[in-house]
Amino acid sequence: MKLLPKLLWLILALFALENALGALRYLLPHVPFPAQLDNFTQRRIALSLHALGGAIALLAGPLQFVPRFRESSWNRHRLLGWIYCSAVLFGWCASLWIAPHSQTGWIASAGFLTLGAAWIMATGLAVRFILRGDALSHRRWMIRSYALTAAAITLRIYLPLIFVFHWPFSIAYPAIAWLCWIPNALAVEVYLRFVPAPSHITLPANLRRVANA
């Protein structure tokens, strides 16, 4: 990894760690500085489960992008990948309970529900392709999946801006429900379009046997 990719990876990993720790506080008996949302006061169990799944996915993702980690042990890479995918499934299922009740109404709810649908679809396609032995397509869809996981990061970057710039919450929050993930999705498509991908990824024998079964 050259200097710029290393720096970008480090920034991503730090944001992922900070946001994951912030999400995990919802599992504590007494939550410090909770968001004043109806989902916290009325649907705390679902919110906590969603926070847990999202936090695990955030933490599991960055290491998978390190070639040395990925290539030094395919079994470790595969185990962490299954942990990531299970966390996405877990977080998405919990989101179906809380997203319809998002603050400010149906526009925000639609934004989060659409994000969830894209999140589980991208992750599911990544799993499908690796089980078929198509590692390159798997790589592309896992990058898309993590870009959507990172909506948790961009969401928490945007939210303080509401108060800094004194934007009306009833207008800004529904917009953020869409803006927290659409730019991520567009950025990753630009990345996949213009950054050269590996011409070939050789799967270990045990994965090839699974794909050919």
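Helix axes here are lines fitted to C-alpha atoms over the stretch in contact, and angles run from 0 to 180 degrees between N-to-C directions. The model is predicted.

**Helix pair α1 and α8**
- Helix α1 covers residues 3-24, and helix α8 covers residues 151-164.
- Their axes come within 10 Å and cross at roughly 75 degrees.
- Angles of 65 to 115 degrees count as roughly perpendicular, so α1 is roughly perpendicular to α8.
- On the α1 side, Leu12, Phe15, Ala16 and Asn19 make the contact.
- On the α8 side, Ala152, Ile153, Arg156 and Ile157 make the contact.
- The contact residues divide into six nonpolar, one polar and one charged.

**Nonpolar surface patch**
- Leu4, Leu7, Leu8, Leu10, Ile11, Leu14, Phe15 and Ile157 form a nonpolar patch on the surface.
- Together these residues have about 730 Å² of accessible area.
- Helix α1 supplies the largest share of the patch, seven residues.
- Leucine 8 is in helix α1.
- Phe15 and Ile157 belong to the patch and also take part in the contact of α1 with α8.

**Salt bridge**
- The structure holds one salt bridge.
- It pairs glutamate 189 with arginine 144, with the closest N and O atoms 2.6 Å apart.
- Glutamate 189 lies in helix α10 (residues 182-194), and arginine 144 lies in helix α7 (residues 135-149).
- The pair links distant parts of the chain, 45 residues apart.

Methods
Residues numbered from 1 in each chain as written. Predicted model: local features only at pLDDT ≥ 70, side-chain atom pairs only at ≥ 80, totals over all residues. Heavy atoms only, no water. Patch = residues over 30% accessible without salt bridge, like charges linked within 9 Å, V, L, I, M, F, W, Y side chains within 5 Å. Areas by Shrake-Rupley, 256 points an atom, 1.4 Å probe, with all protein chains shown as cover. Salt bridge = Lys/Arg side-chain N within 4 Å of Asp/Glu carboxyl O. Helix = DSSP H or I, 4+ residues; strand = E, 2+ residues; numbered from the N terminus. Parallel < 35°, antiparallel > 145°, perpendicular 65-115°, else oblique. Contact = heavy atoms within 4.5 Å. Nonpolar A, V, L, I, M, F, W, Y, C, P; charged D, E, K, R; others polar.
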